[in-house]
Amino acid sequence: MNRADLVAVLPEVILLAGALAVVTLAVFADRPRAEWGTAAGLALFLAGVAAGVQWWALGDTPGSLHFSARGLEVLRNPMVVMDPYSALAGIAICVVGLLGLLAAWELVGSLGRRGPEFVALLLLAVAGLHAMTIAANLVLLFLALETASISFYVMAGFTRERLDADEAALKYFLLGSFASAIFVYGVALLFAATGALGIYGAGGLRSFFATTIVVEPGVLVVALGMLLVGFGFKVSAAPFHQWAPDVYQGAPSGAVGLMAAGVKLAGFLALGRVFAAGLPAQIDRWSSAVAILAGVSVIVGSVLAAVQRDVKRLLAYSGVAHAGYVLVGLTVGVFGLPAVTFYATTYAVMLMGAFALVGAVSGSGGGASPFEDWAGLGRRAPGLALAMTALLLGLGGLPFTAGFVGKLQVFTAAIRGGFLWLVVLALVTTVVGLYFYLRVVATMYFDDGEGAVAATPWTTRVVVGVAVVVTLALGIFPWPYLDVVRDALPL
Amino acid sequence: MAPLTLLVALPLLGALAVAAVPRRRPEVIFPLAIAVSLPPLAVVLWILASFEPGDPGFQLVESVRWSAELGIGWRLGIDGISLFLVVLTTVLMPLAIAASKSIVEGRKAYMVSMLVLETGLLGVFVALDLVVFFAFFEIVLVPMYLLIGLWGSERRRYAAMKFVLYTAIGSAFLLAGILALGLAAGEAGGALASFDFRDVAALDLSVGAQRWLFVAFALAFAIKVPVFPLHTWLPDAHTEAPTAGSVVLAGVLLKMGTYGLVRFNLTLFPQASVDFAGIMVALGVVGIVYGAAVAIVQPDVKRLVAYSSISHLGFVVLGTFALTVQGIGGGIFLGVSHGLTTGALFLLIGMLYDRRHTRRIDAFGGIASVMPVYAGVFLFMAFASAGLPALSGFVGEFTVLLGSFPSYPAAAIAAGSGVVLAAVYLLWAYERIFTGPVTEPENEALDDLDGRELAILVPLVALVLVLGLYPRPVLDRIEPAVSAVLERIEAETGHVAPAPALELHVGGGEEG
């Protein structure tokens, strides 16, 4: 292992060290929450800095490949890739992870002695998410996916005294494992079709398709389909979304944000890596499938979100629609990746803020967040209501929010790729989106509610503040960040 | 010096100033809101003074490119088509704010919404970048949603959502059209995309593409106008909105639709405009007659004025798609006049509502004897709205009729019945509310207009009178830009605008 190899996996190293530090400090040294919590926050921060260093070190180079061990170069099967795409992904995932830690802070406090376990799992999950974005090999991608997923299964059921949390964890576990199995089966079939497990290198998918014309694509098509289904489960694209509403509703509100935003962010970026960067030669085979998945997602997500009376379920179903919007941008392959990156990162931050507010309004350990909890919030807690309004308008894609800029980009990319029908469909469902987000706004401002809202902890306020600032700043002046995502291309 | 940026930014800065008023000083909010609504008016007066009347192109153009890839930039400009809508916006807004004294609960949020609304409206009229235009077009929904939903009457929630959804559906198609156009313009210019209006206008689109895009744009704008049969959101939104909301809604928001039809549909899709002109004229005439007929039977005077808007805006659509200078220019003029007269009528109705908390016509009767000044102003505005000569409504409607008669004589004649019907519903309403003996005892002690209310109404009365007696300066600034649009249509298509039936010499203009 040389220095560049170490830099490539430095965020993982830091995060895992952080997880160990948390457990050591809390369990063996019996230190207070402030200390091991700070250690966890520091680990996330430093991992983000490490990703930033990667970005800076890459400079104008397109990226570099890294092997599992010296001497295996002969297999020409690199495991890890470090490119601007993964560096930006690393920064974004660590930011989201840090927001997730802050949002979960109150929950962690209420967990007592199990708090450190939760935080250690959170760090492991973030490490897994990050590894998903740097994986240059589908088996490594699978391992990273499982690392993140298994951590999240446990986190979903952490408030095990609540029955619905148990149900959520079990449901998440069963359906998630099912999806993982499909994914890994897809990897196996892809190997059968191409003999490649990696994306890059002489034995990778790209060089296979550069030199081979697939005449009978039967197995290949099945493999691509299964990969897509596996990713579809993870990012909750319809029709593979059924787990999301129940899991979000049952899992503790303080943890849901990261569970939803983190998995989606890493899932979309990995999806972009595998399909847009790894299989550009096969775009004719997968782009229409992605387009159909996108079309089904925006319709199903929007329509089902419109009838929800629980904010968490609404965010879950609207997340299905958002998965569809991201997939709209992916239909055009690598040209759509800047749009996908912009959309996925800003959506993740907005979603973090929205779920943090759910925790503030309905309790961070609680499950459901019915509309009744939100009624009259405009009078009871004007600050929270205003922040939620800004985030919901951002999610709804109104101008002068990051959501609008993101939508503008994915739609522009898709029209350029010839998917005008999909864009018109997605725009119409955006109107439905406006309807259900405004329903929450209307509930907060036009309805009368009772009871005082518990004081919002500073950690939640930070998360919400960051999310609102990002939503508005990248909506009003997105240009510098647009330049960043334009340059953040995979190798 | 960037006067248009300043113009768009000033109301927003005002909104921030109002939002910063500390909670313990609520009495500052109302005067401060009025004060911050005046600087945009001052900027507009300066723009009006420096506007070059004969220049058909965009003036005071500002252009800062934000993103080369996306082709988006902060591009602003003003021409004869948008100039008086900008004037109208800045004139109506201080008056609407001053008329909102009865809003006590949530006054700060209300004033902030009004000022943000003003920024959005001004942005729509001066934007020269299609994405910036769309952003302002869409953002207007948010303050209007809150104004209707928070400070409206009983069915406000329903009306607010209906308003948003109707408009947003149109916007969805509009954005699809804008993106397609921007990409095509970028391709033509060797870039990835360009949403610069002038680049897009330079495109040579196929007839098929023009038709699709025309429909996408026209749908969005027709909902906003609203053109029959897409009008059903309007009576609800108007009736439920607070007074100032109705004033701005009727006065300015609807003009976003007619403005869009001229600015985008006529300019960008000349062949499709000629092809679809017949349909649009027919829909305009149906709207004129339908709106007027339904207005007659309304028991609620606010709803009556709301339906009258559908009728008046039908005239604007008729004139626009008559595809003559008089028709289009008269439509723009009528839009401004409608903003003044209908705005004034909504203000008057709001003042009566503040006193009696009802808008039912049968709750009144004979109140001219207790509120003579109010009755006088109401009658004046009713006459202006109905198109009595020497008042602004007459100039607009008559010019539209003159402009549309040569190409669509039947439509012009049918539309003429709208003028008659307008006299019927307005004067019949006047008769029932004001004339005769006082029917209800609680109406006997109604106060007449006070100083603040008069101060709000007098500018509108003066403007209606000035525009009615001496419209030439306004028409002189509108017509060059309209002629340019029409010349383009004639150059690109086989369309020949018929010679005017009659030159209008209202107010003794010096034109030949």
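What radius of gyration does chain B have, and what would a compact globule with 512 residues have? In this predicted model, the radius of gyration of chain B is 22 Å, which agrees with the value near 24 Å that a compact globule with 512 residues would have. The C-alpha trace of chain B extends over about 75 × 55 × 45 Å along its principal axes. Its secondary structure consists of 19 helices and two strands. Of the 512 residues, 61% count as buried. Among the contacts in chain B with a separation of 6 or more, 80% are between residues 24 or more positions apart.

Chain A was described in the same terms. It contains 21 helices and two strands. For 491 residues, the radius of gyration of a compact globule would be near 23 Å, and the 21 Å of chain A agrees with this. Along the principal axes, the C-alpha atoms of chain A fill a box of roughly 70 × 60 × 40 Å. Buried residues make up 65% of the 491 residues of chain A. Of the contacts in chain A between residues at least 6 apart in sequence, 81% link residues at least 24 apart.

The two chains touch through 25 residues of chain A and 25 residues of chain B. On the side of chain A that touches chain B, at least two residues each are supplied by α18 (402–416), α19 (420–446) and α21 (479–487). The largest share of this side, 13 residues, belongs to α19(A). By class, the side of chain A that touches chain B is made up of 21 nonpolar, two polar and two charged residues.

Within chain B, helix α13 (residues 301–322) packs against helix α14 (residues 325–356). Their axes are 8 Å apart and the angle between them is about 170°. Since angles over 145 degrees count as roughly antiparallel, α13(B) is roughly antiparallel to α14(B). On α13(B), the contact is made by B:Val301, B:Lys302, B:Val305, B:Ser309, B:His312, B:Phe315, B:Val316, B:Gly319, B:Thr320 and B:Ala322. The residues contributed by α14(B) include B:Gly327, B:Gly330, B:Gly331 and B:Gly335, together with B:Leu334, B:Leu345, B:Phe346 and B:Ile349. By class, this contact has 10 nonpolar, 10 polar and one charged residues.

The loop between α13 and α14 of chain B holds B:Leu323. This residue is not a glycine, yet its phi is positive, about 60°. B:Leu323 counts as buried because it has 28 C-beta neighbours inside 10 Å.

Helix α13(B) also meets helix α10 (residues 233–240) of chain B, the axes coming within 9 Å and crossing at roughly 140°. The two helices are therefore oblique to each other. The crossing of α10(B) past α13(B) is right-handed. In this contact, α10(B) contributes B:Leu234, B:Pro235, B:His238 and B:Thr239, and α13(B) contributes B:Lys302, B:Arg303, B:Ala306, B:Tyr307, B:Ser309 and B:Ile310. Five of these residues are nonpolar, three polar and two charged.

The contact involves B:Gly120, B:Gly123 and B:Val124 of α4(B), and B:Phe133, B:Phe136, B:Phe137 and B:Ile139 of α5(B). By class, five of the residues are nonpolar, two are polar and none is charged.

A:Pro239 is located in the loop between α9 (218–234) and α10 (243–250) of chain A. B:Pro226 is in the loop between α9 (207–224) and α10 of chain B.

A positive phi is also found in chain A, at A:Asp30, where the value is near 55°. A:Asp30 is in the loop between α1 (3–28) and α2 (33–58) of chain A. With 9 C-beta neighbours inside 10 Å, A:Asp30 counts as exposed, whereas B:Leu323 counts as buried.

Notes:
Residues numbered from 1 in each chain as written. Chains lettered and ligands numbered in written order. Predicted model: local features only at pLDDT ≥ 70, side-chain atom pairs only at ≥ 80, totals over all residues. Axes fitted to C-alpha atoms, helices over the stretch in contact; angles between N-to-C directions. Helix = DSSP H or I, 4+ residues; strand = E, 2+ residues; numbered from the N terminus. Parallel < 35°, antiparallel > 145°, perpendicular 65-115°, else oblique. Left-handed = near helix turned anticlockwise from the far one by under 90°. Contact = placed C-beta atoms within 7 Å. Nonpolar A, V, L, I, M, F, W, Y, C, P; charged D, E, K, R; others polar. Rg over C-alpha atoms; globule rule 2.2 N^0.38 Å. Buried ≥ 20, exposed ≤ 12 C-beta atoms within 10 Å, placed from the backbone.
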